[in-house]
Amino acid sequence: MPTMEKIKLCCAKCGFVIEEYTAEELAAVPRKAKRYQYLKNKSSICPSCLASGRLSDIRVNEESGPVGAPRVAAPASSTAAPVGHEEHAVSPTPMMDAMSQGRFPSHAAELKKTKYPVQMYEQALQKRRTQWGYGGYVSLPGVASGVLVRSSARPEITKGSNFVRIMDPCGNFFSTASMRGLCDIADKYAYGLLHLLSTGGDLELLGIPTENLKPAVEEITNLGFDIGSTGDDYRTSEECIGPAKCDLTLYDTLGLRAAWYKRFLDDVQYPRFPHKIKCKFAGCPNDCVRGCQKADIFLCGVYRDAPQVDQQKVAKWVEAGGDITTVCSRCPGQAMQWESGKGLRIDEDSCMHCMYCSNKVPGVRPGGDRGVAVLVGGKLRGKFGPMLSRVLVPFIKAEGPDYKEVFDCIEKFTEVYDANARKKERVGDFILRIGIDEFYKLSGVEPAPQLLAQPRTNFFCHWEVEEVMDERKR
Amino acid sequence: MPGIGIPSLEASLPPIVKRNYGKWTSHDHIRPGVIKHDAESGEACYTVRAAMPPNARVSTPTMRMLCGLADEFSEGFFRVTQRNSIEFVGVPVGRIEELIARLAGHGFPVGGTNRSLHNMTCCTGYMHCHLAATDPAAIVKAISEMLIKEYETDCLPAGLKISGSGCINNCGEGSCADIGIVGVHRDLPPINAEKLKGCELPLVISVCPVGAIKPKGPGMVEIDPKKCIHCPACSVACAAFAPIGSANGDGVAIVVGGKSSNTGDGPALAKMVIPYLPNNPPHWPEVTEVVRKIVDTWVANAHRDERVGEWINRIGWEKFYQRTGLKMSFKVVDGYDQRSLEYVRSNVRFRW
Ligand code: HEM
Ligand code: SF4
Ligand code: SF4
Ligand code: SF4
Ligand code: SF4
């Protein structure tokens, strides 16, 4: 059999193989080369012995043929800390019991019905300090993203816990059949505890012993769910409920998100960007996904014409006691005028398309000239703290089934960020550092007054020499 | 193995949604926790929304019970909302009261729609995170109990969203909400010389937003206590700078006025009004007291459909502090970032 060169990235301490590539692949497939460089340049946590540090790469000549099962070196016994379940003695939990009282559902009561090591939580409350230790994202062969490990500062209670991030289905709808399947997996391999929806938009299963990770992931994917969304990649995208159950939506948020996964799945599952990128899709300016606050790339449904008024429906609502006076007085553009007999008038120049009237008054619906705005740079942390996202493109048509124009735009911004940002710099911090003007230039967007909060009050414009020359020639 | 993507629309959506996909014409709040959507076809869809445990932590027995209810009342489907409520979609109108009673029997109150307290979101905190400076789940539980009337009735000027993050990483979205609870550290991060050997030092030095980490001899660094803002980016980036925190150093900051919708005054991030309150488990009375004051003052003074932030924009910070009786501290304008001048006034249009 012919041999071929394989490059394996392994734990420097125990030799566990985390990813492997053929030399050919690395030369031919840019994203693999990118991923390889990314992994080589960072310190990683070994899923087998939990040591963290740089990976070493080994080059071996192996017989070619189908890539076989990765060889896992036996972890050195002194460093091995497989994460598993321990038997928990029934021990008193006064803090958690106090929290299990009352009329609201209690997380403490839920934890106690599972194999979660309750003393980790109880002791944290008693000592007023978390009892968990450092953690991070781990890669397994074939599973580059979606698995996390958390170590413990109290090894006598638990050694630690692995967990997986499952990307939520469209609109966060679950059939009871699929949810029962997830419950079975949680019972069989994990604590029997669901983190039903993290704020990032994933469903997490906690407490999976290391040796169960592979079979658990296997069963999750057999059930039709996929994992991902850890590390420096596109995180799980989130959409609002949109056409599935909302009368206000301006485009098909669920369809767009499904198409997004078709196009970008690889970028969700192979971390290689400077930092995470969160994409969120809101059907209208009500922004029920909080995209303007949380998303590095935010698509917001918008419309350009005036709200459509069904005068009869509005009159009926007012007759039935609808509070039209409040709505008119709180219209932020002061665009609405109600006169009984004459009906509702909306002044197109004053309307800022905020959705308030449509939210409150049956019969006032968003207009028909619909598309999406693209905003970038929202985040709640990063180097300079919380930032709202900024408008980059005020209007693009969102046309299925492949949403090419919108996704090309997302891809373009991602490329600009990927090529120019520093390691661990969120999109918003990157834009703040290089300046929005530079970012406009790099991403090639067109000027539009919709981008402005307000024009500058000083005169220190930058003119390129060539620009001035061009002007002079005229 | 991974690589299959998310489940298809076809498999995830309940029949009533498939029938009326994209054809909804209006919505109406029937009673707290119940929303009616009308479709072009004339079909009406009733949704019942119930609270979930903080951080959407649900044991499998509880989940199976909820699945049983979904089989019985909503054609074998349910959904989880952005604010971690559970929704039964397409409940027959004649069986709504029965479902509400059954949910109540299992300890799941129904509410959180329209002008009420919406289900509170938070991060995992002490339950599963090493960075936590507080336990937002416990605080959320305590505040939910205190505001259960506000959750179950449409009695507020506008919708009220309260969220909790265990630390300033803000996974629990504290800064997004009308009232946000955000855990804060006040101690210096430790430096573990042993672990520093495996650390990407240049990265850690560069992630520090204030340049407080400085080389000190070969392979060693020190942290300038005059500069450190306890952010703790270094603890996130490297195990050598963890664990940060202590029982009396850690606590909670309160922020107010965040919102994402474009109605009213438009999207805003929440602003800090209290830089520190102590951690006091299991019920965090200092925190619940402040939240109570803010909510009560807002309810008593806000106009209809005026969210917390919009109310403050109208009356000004001086009236906010005066009416709530909270004390202002210079910590809320400190000079960490270049924007600190933005936080202070250039006019004298005072309110007294
Ligand atoms: C369990 C331990 C967790 C740790 C140690 C952790 C760590 C972090 C870190 C380091 C950041 C700040 C990133 C930055 O520099 O901008 C962050 C932000 C965030 N994480 Fe987590 N995270 C955890 C759990 C989660 C979970 C379960 C989710 C949901 C998928 C989540 C969602 C978020 C969100 C929404 C932010 C917010 C802010 C932003 O957009 O900047 N986190 N987390
Ligand atoms: S963002 Fe708009 S379209 Fe989406 S659910 Fe909210 S109100 Fe409906
Ligand atoms: S969309 Fe907003 S600004 Fe326009 S009329 Fe309605 S409430 Fe007024
Ligand atoms: S906000 Fe802080 S405490 Fe909460 S999950 Fe994120 S990193 Fe952990
Ligand atoms: S906690 Fe933040 S400010 Fe302090 S040393 Fe670490 S990175 Fe720097």
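1. Helices (H or I, at least four residues) and strands (E, at least two) are DSSP runs, numbered from the N terminus. With that in hand, look at strand β9 (residues 193–195) of chain A, which is joined to β4(B) by three bridges and runs antiparallel to β4(B). Within this pairing, A:L193 stands opposite B:S59.

2. A word on the model and its labels. This is a predicted model, in which local features need pLDDT of at least 70 and side-chain atom pairs count only at pLDDT 80 or more, while totals for chains, interfaces and linings use all residues. Residues are numbered from 1 along each chain as its sequence is written, and chains are lettered from A and ligands numbered from 1 in the order in which they are written.

3. Next, the contact between the chains (C-beta atoms, placed from the backbone, within 7 Å). Chain B gives 97 residues and chain A gives 99 residues. On the side of chain B that touches chain A, α3(B) has the largest share, with eight residues.

4. Now turn to strand β9 (residues 179–184) of chain B. Six of its six residues are buried, so this strand is largely enclosed by the rest of the structure. (Buried means that 20 or more other C-beta atoms, placed from the backbone, lie within 10 Å of a residue's own.)

5. β9(B) has neighbours to follow. Strand β8 (residues 162–165) of chain B runs parallel to β9(B), with four bridges, and B:I162 has B:I179 as its bridge partner. Strand β12 (residues 251–256) of chain B pairs with β9(B) in the antiparallel sense over six bridges, where B:I181 stands opposite B:I254.

Note on methods
Two residues are in contact if their C-beta atoms, placed from the backbone, lie within 7 Å. Two strands pair if DSSP finds at least two bridges between them. A residue is buried if 20 or more other C-beta atoms lie within 10 Å of its own, exposed if 12 or fewer, and partly exposed in between; C-beta atoms are placed from the backbone.
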